Amino acid sequence: MKSVPRKIETLIEPQPVIEGAGVRLRRSIGTEELDYLDPFLLLDHFESKNADDYKAGFPLHPHRGIETVTYVLAGEVRHKDTLGNSGSIGAGDLQWMTAGGGIMHEEMPQVRPEGIAGFQLWVNLPAKLKMTAPRYQDVRSGKIPEIKTDGGARVRVITGRVGEVAGPVAGIAADPVYLDVKVPPRSTFTQPIPKGHAAFVYVFEGKARFGADGGGDAGLVSHTRLAVLGDGDFVKVATEGSPVRFLLVSGKPLREPIARYGPFVMNTREEIEQALRDLRQGTFVK
Ligand code: FE
């Protein structure tokens, strides 16, 4: 069987939104243009040195039926939840939170000279795990392997595998790959992605060609854009005069009905009604 390169299917321009108590960010999944990239429900990119853009944070709020993945590039986010966990996520750290049946937490970016930068991704849970017990995988920067490929790319492996190196986040239903990739000028990087899995790249520095087999501007993606990749076996990235940095994320589609209401994502309307009732009655956190 011939190995098929994944090509860019859709280019998405992130949309400015105000979320939480007044945090300015850029959303590229979970918008009118790209409502759902099964199993990914949302991708937010926050990046600002102006405290007014982020200091209001995300005060106490619930989640049910999903996983939220916070990856901080600069600054610090303090968090606290109804299970008694609290801590902070700093530069290079990642938190993979499985909300399952219900969690209430706050996520507060701290005002610091370097501002704040990072991402939050929401990954859907299959019907059978929507009410599972909440779980955190907190990964400090030093525990995320950074490898240098033969082609000169530097890859932080958060989950999934690059060559022989596996990322520290494990046991996730969507069987995801989550990589932070830097490719220097005039270099290439190739990464296998399981066929049939949804995949995207989010280019946040520089530019590169993705999946192109030469010629013109086809496949050229400059920051800041999300590119949905078509199906295939691998993605090939090639830089010209400038470097590129991007997230490469893939996951197995659930192909289940979704009922979505803010921070709750379930399969049916009734389950959403139940979540709202639980919240009103104080029985949300099991
Ligand atoms: Fe949250």
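Where does Thr224 lie, relative to β20 and β21? Select it: Thr224 is in the loop between β20 (220-222) and β21. Strands here are DSSP runs of E, at least two residues long, and are numbered from the N terminus. A cis peptide bond joins His223 and Thr224, with omega about 0°.

This is a predicted model, in which local features need pLDDT of at least 70 and side-chain atom pairs count only at pLDDT 80 or more, while totals for chains, interfaces and linings use all residues. Residues are numbered from 1 along each chain as its sequence is written, and side-chain values use heavy atoms, with hydrogens and water left out.

**Stop 1: backbone exceptions**

Most residues other than glycine have a negative phi, and most peptide bonds are trans. Go to Asp38 and Pro39 for another cis peptide bond, with omega about 15°. Pro39 sits in the loop between β3 and β4.

Next, select Arg186. Its phi is positive, about 50°, although Arg186 is not a glycine. Arg186 belongs to the loop between β17 (177-183) and β18 (188-192). With a relative accessible area of 65%, Arg186 is exposed. The cut-offs: buried is under 20% relative accessible area, exposed is over 50%, and partly exposed is in between (1.4 Å probe, protein chains only).

Arg255 also has a positive phi, about 55°, and is not a glycine. Look for Arg255 in the loop between β23 and β24 (259-261). Arg255 is exposed, at 66%.

**Stop 2: the iron site**

His61 (NE2), His63 (NE2), His105 (NE2) and Glu107 (OE) coordinate the iron ion at 2.1 to 2.3 Å. Donors are N, O and S atoms within 2.8 Å of the metal (3.2 Å for Na, K and Ca); water is not among the atoms, so sites may look incomplete. Along the sequence, the donor residues follow the spacing H-x1-H-x41-H-x1-E. Both His61 and His63 are buried.

Why is the arrangement around the iron ion irregular? The four donor atoms subtend angles of 84 to 176°, which makes it so. Four donors count as tetrahedral if all angles lie between 85 and 135 degrees; four count as square planar and six as octahedral if opposite donors are over 155 degrees apart and all others between 65 and 115; anything else is irregular.

**Stop 3: the nonpolar cores**

A nonpolar core is a set of buried Ala, Val, Leu, Ile, Met, Phe, Trp, Tyr and Cys residues joined through side-chain atoms within 4.5 Å. The largest core has 28 residues, and Leu94, Leu121, Tyr178, Phe200 and Leu226 touch the most other members. Strands that each supply at least two residues of this core include β4 (40-48), β11 (116-124), β19 (198-210) and β23 (244-251). β19 gives the most, with four residues.

Centre on Leu121. Leaving aside neighbours within four places in sequence, its contacts (heavy atoms within 4.5 Å) include Phe40, Leu43, Tyr178, Phe200 and Val249. Apart from this core lies another, of 24 residues; Val157, Val177, Leu179 and Val221 are among them.

**Stop 4: aromatic pairs**

Rings of Phe, Tyr and Trp (its six-membered ring) pair if their centres lie within 6.5 Å; planes under 30 degrees apart count as stacked, over 60 as edge-to-face and the rest as tilted. By this rule there are seven aromatic pairs. Select Phe40 and Phe200: the centres are 5.6 Å apart and the planes stand at 90°, so the pair is edge-to-face. Phe40 is in β4 and Phe200 in β19, 160 residues apart. Both are buried.

Move on to Phe210 and Phe246. This pair is also edge-to-face, at 5.1 Å centre to centre and 85° between the planes. Phe210 lies in β19 and Phe246 in β23, so the pair ties together parts that are 36 residues apart in sequence. Then show Tyr71, Trp96 and Tyr178, which form one aromatic cluster.

**Stop 5: salt bridges**

A salt bridge is a side-chain nitrogen of Lys or Arg within 4 Å of a carboxyl oxygen of Asp or Glu. The whole structure has 17. Asp44 bridges to Arg27, with the closest N and O atoms 2.7 Å apart. Asp44 is in β4 and Arg27 in β3, 17 residues apart. Both residues are buried.

Glu47 pairs with Arg26 at 3.3 Å between the closest N and O atoms. Glu47 is exposed, at 51%, while Arg26 is partly exposed, at 27%.

Finish at Arg245 and Glu205, whose closest N and O atoms are 3.7 Å apart. Arg245 lies in β23 and Glu205 in β19, 40 residues apart.
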